[in-house]
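Please keep the sequence and the coordinates in view while reading.

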Amino acid sequence: MGFKNILVPTDGSEYTKAAIVKAMELAKLSGGKITALYVLDQTILTNMPMDTAVMNVYNTLEKEGKEALDFVKDLGASEGVETEVSIKEGTPVKVILEESSKYDIIVMGTLGRTGMSKLLMGSVAERVVRASQCPVLVVRAPEVGN
């Protein structure tokens with residue numbers, strides 16, 4: 001069973017880098033290609049008053065997304081792995097699950113944010129594992145900072 005079509009959700013944090021590296025190894029073994037997915041998290045936006053601050057947050061997220069995806073693209077180029085990138089809006093769990101039927105496997109880290117949102121994000125991988133339409137490989141990041 002080949003894992004030709006690999007989805008890698010990323011938020012640009014250190015926590016997702018270990019998963020990206022694993023996905024590259026897998027793609028090399030299977031001769032597969034990677035799609036890096038960044039979800040512009042609308043839940044962050046809906047909790048804020050609609051004004052210029054929201055636009056700033058949106059632009060910051062978009063910039064973070066672009067950097068996260070560029071990291072995967074550059075690594076793919078240096079590893080000789082075909083890589084596509086995708087930015088979608090929505091809530092991470094929902095978007096990843098909607099995409100799951102199109103892939104052979106999802107390789108993901110425990111998406112890491114700090115503090116409170118880290119608790120929320122930590123459960124993204126868990127919820128994806130439970131409801132995904134394809135196999136999910138969850139890669140635990142080495143403790144960041146060690």
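How many residues does helix H3 have, and what distance does H3 reach from its first C-alpha to its last? Helix H3, residues 52-79, has 28 residues and reaches 40 Å, close to the 40 Å expected at 1.5 Å a residue; the expected span is 1.5 Å times one less than the number of residues. Helices (H or I, at least four residues) and strands (E, at least two) are DSSP runs, numbered from the N terminus. The model is predicted: local features need pLDDT of at least 70 and side-chain atom pairs count only at pLDDT 80 or more, while totals for chains, interfaces and linings use all residues. Residues are numbered from 1 along each chain as its sequence is written, and side-chain values use heavy atoms, with hydrogens and water left out.

Just after H3, Gly80 takes a positive phi of about 75 degrees.

H3 packs with helix H1, residues 14-30, at an angle of about 35 degrees, their axes lying 11 Å apart. Axes are lines fitted to C-alpha atoms, for helices over the stretch in contact, and angles run from 0 to 180 degrees between N-to-C directions. In this contact (heavy atoms within 4.5 Å), Lys17, Ile20, Val21, Met24 and Lys28 of H1 meet Phe71, Val72, Leu75, Gly76 and Glu79 of H3.

The sheet comes next. Five strands form an open sheet in the order S3-S2-S1-S4-S5, with parallel pairing; two strands pair if DSSP finds at least two bridges between them. Strands S3 (83-90) and S5 are the edge strands, each pairing on one side only. Strand S2, residues 33-41, is joined to S3 by eight bridges, and Leu40 stands opposite Glu89 in S3. H3 packs on this sheet, touching S2 and S3, and the direction of H3 makes about 170 degrees with that of S2. Helix H4, residues 92-100, also packs on the sheet, where H4 touches S1, S2, S3 and S4.

Which residues cover the two faces of strand S4? Ile105, Val107 and Gly109 lie on one side and Ile106 and Met108 on the other, and all are buried. S4 pairs in the parallel sense with strand S1, residues 5-9, over two bridges, and Leu7 stands opposite Ile106. With S5, residues 136-139, S4 pairs over four bridges, and Leu137 is the bridge partner of Val107.

Methods
Buried means under 20% relative accessible area, exposed over 50%, partly exposed in between (1.4 Å probe, protein chains only).
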